[in-house]
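Let's take a walk through this one, going from the overall layout down to single residues. Keep the 3D view open as you read.

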Amino acid sequence: MKRLVSIMMEEKRDIWLSVLFGVLAGLTSVALFGLSGFMISKSVLQPPLYIITIMTALLKLFGAAKAGSRYAERYVSHRATFTILSNLRVSFYEKLEPLAPQIFGKYRSGDLLARIVGDVETLQNFFLRVFYPPLVLVIVFLSTIFFTLFYSVWIALVLLGGLVLTGFVIPGLLALQQRKVKQGVRERRAGLSTEVTELLYGFRDLKLHQKLDEKEEKLLQIADAYVQEQEKESVQAAASQSLNAAAALSVAFVVLALGAYFVTIGELNGLFLAMLVMISLTIFDNAVPMAVFPAHLEDTRQAAGRLFSVVDEEPPAPKMGMIERDDAFSIELKDVTFRYPGETRPALQNVSISIPAGSKTAIVGPSGSGKSTVMQLLLNMYTVNAGTILLDGNSMGEIQAENIWSKTNVVLQENHFFYGTVRDNLKIAGDGLTDREMEDTLRLVELPFSLDDPVLEKAENLSGGEKQRLAIARVLLKRAPVWLLDEPSSSLDVLTEKRIFGHLHEAAQKDTLVLISHRLTGLEKMDQIVVMERGNVVEAGTFNELMERKEYFYEMKQIEKNVLA
Amino acid sequence: MNELRKWASEQKGIMAALLGLSVLMGAVIVGQAYFLVNVVDRVFLQNQSFGAVVPMLGFLFGLMVIRAGITYANARLGVNMASKVKQRVRSILLQKWTQNPIQTAIQGQSGGKVTVMMEAVDGIDSYYREYMPQVMKASIVPLIVLAAVSYTHIWSGLIMMVTAPFIPLFYIIIGIKTQKKSEEQLDKLAAFSGQFLDTLQGLQTLKLFGRAGRQRDVIQKSSLGFREATMDILKIAFTSTLMLEFISTLSIGLIALEIGLRLVVFDSISFVSAFFVLVLAPEYYTALKELGAAFHTGRGSLGAAEKIKAELAADEQPVKWGDREVPARPSVELKNVHFQYGEGFSLKNVDVHIPSCARTAIVGATGSGKTTLLNVAAGLFDPQEGDVFIDGRPRASFSESSWFREVSYISQHPYLFSGTIEENIRLGAPGHPARAEVEAAAEKAGLTELIRELEDGLDTKVGESGRGLSGGEKQRVALARAFLKKPSFVLFDEPTTGLDLKTEQILQRSINELAQTASVMTVAHRLHTIQQADVIFLMNNGEVEAAGTHMELMKSSESYRAMVQGGAAG
């Protein structure tokens, strides 16, 4: 929370302006109603006309000032909110950046990023809904109470009691109540979401196994329980709001009764009674934002907790090692065993692969065999549980990750493209790339795009094959000496794949190249083929060696031949 | 809006109660002002003793209690209505989906449907919980207040009547303007707001290309751009609220001036009436402003309602069933079958006969209708034209449960439900087979080794919340399901590639074993599968282009030959 305040406080000026205008708006509205009550009472006493004129003019003035300051308050506070959002994003990005991409491996759930974005957005409400409403409320109330002190200490005390009750006690009680209910709502919601997902994705199996009705009934039961829990939450909120309204009315009532009593015993001039009553009726409008205050407080507290726990990870100790050479280097896995966090079965078990500098290696195997895991380890996304990985003869544990990335051309199974243009997405491959170079590369991978063509979010306007070719174009432009390619052409047809691989091999002539593939075609030219199954290397050799040996690779090749196009 | 209103009108009782409470609320507000004014009047002008106003204070207190009670009851009714509508909408949606057999074929869209069931349904909540009670209250209370004021002092009433229409009018103008403005800026806003997530998602790529450090400025720039674009829209909204404040303040000022003058100059109104009008005037304008604000609240639910409506509008073609029992090992025949859904799935003029215990294979290019044919044969879809016969009788005369008792369907991507491996194998097995039978089925499906490796064995949790199994392992669980069920009709969508050798071997062996006691219909991708088939149907563009054994088709069909040789050459 403290750190949140310090990020927020970067916008001091707007924050204090918001408070100032908020207080002004609150006070003028109290003044407006107080004055109108006073005016009516005064009018009865037949004052000179100019007094009425002055008071009417004042009324207009207060009215205008109230509306104006309310406008200014809203404007400034919202501007501040969005600026704070921007600061929050930048600040979290700066903290998250050094931790990536390893942190994505640790939180394997794909929604980590969406959650971060959501939580940051929740935090923007901290200022608007948590920080300044109580500040404004207290200042307005205390000023008003100070004013009423001149007329009656008792009435001032009653107002003070009202402030404590409506501004803090009742919302606080609600917050306490809701903590538990909200937990229940969340749990039921998660339950329902799982049921709906299972029903829809498992529809065919449910139907065929005649379990659909059973599932449907269960789903509806959980849906009802979820709604009931939500209802509990809403009813509590409604009760709290009504209670708050009742408290405000009671205060006005007590002010009236007390005032009336004081008037009858002569302690208060009757002239001011209407004014005091009007003030007590109006001032509680200012407490309205406090109804949502605890909920927002709780939300921000949780969001901040989650966010900071993610970015507070110790960044890995800085590694000093570098790969000295600028040309192709060798890669060697020695007895590597690796298990994904939270899994019991190892993804790799005693894997040894030797890839000499400048050689071309293919890693093949069925889905789930661990071939992509090898790739992730080479990119330093995870640390091995046992064994070592040597790059250019140096242990990977000592080499700067940035150094590895800068020396590799990586195409992943899923490649990210940024919202923008084709040019934007190619430009990240290197500084000083000319349009000509980029266009030539696009032609090389047979993409008919112009550099100004738009790329939508997640490249949803590109087909799978186009995305893969754009990713290949991007690494062709990067020209690093080591290539790590994870099924880079799975969505391309065989002929296009062949042509593009031709270009790749040409570009990587002197480079080290590791290709992960589940297709077994076009591997004849490789120096080495490594066959993996269930986290183990089952055999390795050249294409001809493996075909002659007639074991796993040969069998897989037979099946592939057997598969109809 | 229409759907939302329709669901609201189904809750007649609650609507009536809301109406009644609003009328009562109006009366209470008027009564409260009346007693309040009179208490002040009596002690201030008439110099009565405190004791004399105690009864009035008592009434006043009573009214305030009632007012708080009505506020609560109103909110409570809104919550009730929201709950009832949400429950109802969820069950309508669910019914719609489960009755629509096409659901099996469009699992790709399931993610969107989950969102509709969760977010969209929750999104209509505020319409019933806040908007309906608010609108009801805000449209009735001003009328009652206006009547009370007009009765007391017609001139103030007239001012109220004249000024009132400006407020809703203003809201409408603002609504249109802000909507236009936000539509203009929509792309910009979406781009700006998505940038942060886009950058985070691309962080790995940025790192690999050594660009991550520079993105900080991009994020700042887009966030500030978002601020400017949003403030542009908000400014309109704030300015109009300012104007509304002016209108209501000026109107109240006008009323105050008018009664003030009458009180002082003309002496033509009593203090009680003047104060009464003055207390009620803000109630009147506040209620009107609430009405405008309520429309904004209601707007928020519109998008959600649209999404639900779109789901409900999809047409459904439920499969027809009867009550005859399906005999053991039936033959299945499709006669002149037509089927069309969207662009992807179509069948034209399909005639297929599958004798009892026969092995059939369906081959053809992607999109030729193979899987659709499998789904029609499985009883998941009904043909739009033509008929399906089981043992010579129309399928519609047999009972659904007796048919599915005889069927197993092994898809390319079997779904595992959250639960243990054993529960997943038991799914759909008739009766309650002993654990040993489950183990035997797992053994036949080649799962024994995997189960031995796992700490909890058959009781290991899989699915959503449990561990993930590889594609090959899921296939084997699906096989185990079939072994336990002992069906007489097996539908098999052969995987294309990506399976391990072991699963490949087990699949072949298992299908052979299942074929001993059942008809097997396979969407085939492997040469040996079609070589073993009694009859092969070559699909092209939704039609059966050729049928026969492998040998016959090699002789008679050129496209079959091309396909087989093309595959073998790869």
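In this predicted model, the C-alpha centres of domain 1 and domain 2 of chain A sit 53 Å apart. The domain assignment puts domain 1 of chain A at 2-311 and domain 2 at 331-562.

Now hop over to chain B and find strand β9, residues 489-493. How much of β9(B) is buried? Five of its five residues are, so by the burial count the strand is mostly covered. In a regular strand, side chains alternate between the two faces of the sheet. Here Phe489(B), Leu491(B) and Asp493(B) point one way, while Val490(B) and Phe492(B) point the other, and all are buried.

What about the neighbours of β9(B)? Strand β6(B), residues 407-410, runs parallel to β9(B) and is joined to it by four bridges; one pairing is Ser408(B) with Val490(B). Strand β10(B), residues 519-523, is also parallel to β9(B), with five bridges between them. There, Phe489(B) has Ser519(B) as its bridge partner. To get from β9(B) to β10(B), the chain passes through helix α18(B), residues 501-515, in a right-handed β-α-β crossover.

Finally, look at the largest nonpolar core, which has 330 residues. Those touching the most other members include Leu273(A) and Val277(A) from chain A, and Leu36(B), Val40(B) and Phe275(B) from chain B. The largest share of this core, 20 residues, comes from helix α9(A), residues 212-264. Zoom in on Phe275(B): leaving aside residues up to four places away in sequence, it touches Ile40(A) and Ala274(A), along with Val37(B) and Val40(B).

Methods. Residues are numbered from 1 along each chain as its sequence is written. Chains are lettered from A and ligands numbered from 1 in the order in which they are written. This is a predicted model: local features need pLDDT of at least 70, side-chain atom pairs count only at pLDDT 80 or more; totals for chains, interfaces and linings use all residues. Domain bounds come from an automatic or database domain assignment. A residue is buried if 20 or more other C-beta atoms lie within 10 Å of its own, exposed if 12 or fewer, and partly exposed in between; C-beta atoms are placed from the backbone. Helices (H or I, at least four residues) and strands (E, at least two) are DSSP runs, numbered from the N terminus. Two strands pair if DSSP finds at least two bridges between them. A crossover is right-handed if, with the strands pointing away from the viewer, the path from the first strand over the helix to the second runs clockwise. A nonpolar core is a set of buried Ala, Val, Leu, Ile, Met, Phe, Trp, Tyr and Cys residues joined through C-beta atoms within 7 Å. Two residues are in contact if their C-beta atoms, placed from the backbone, lie within 7 Å.
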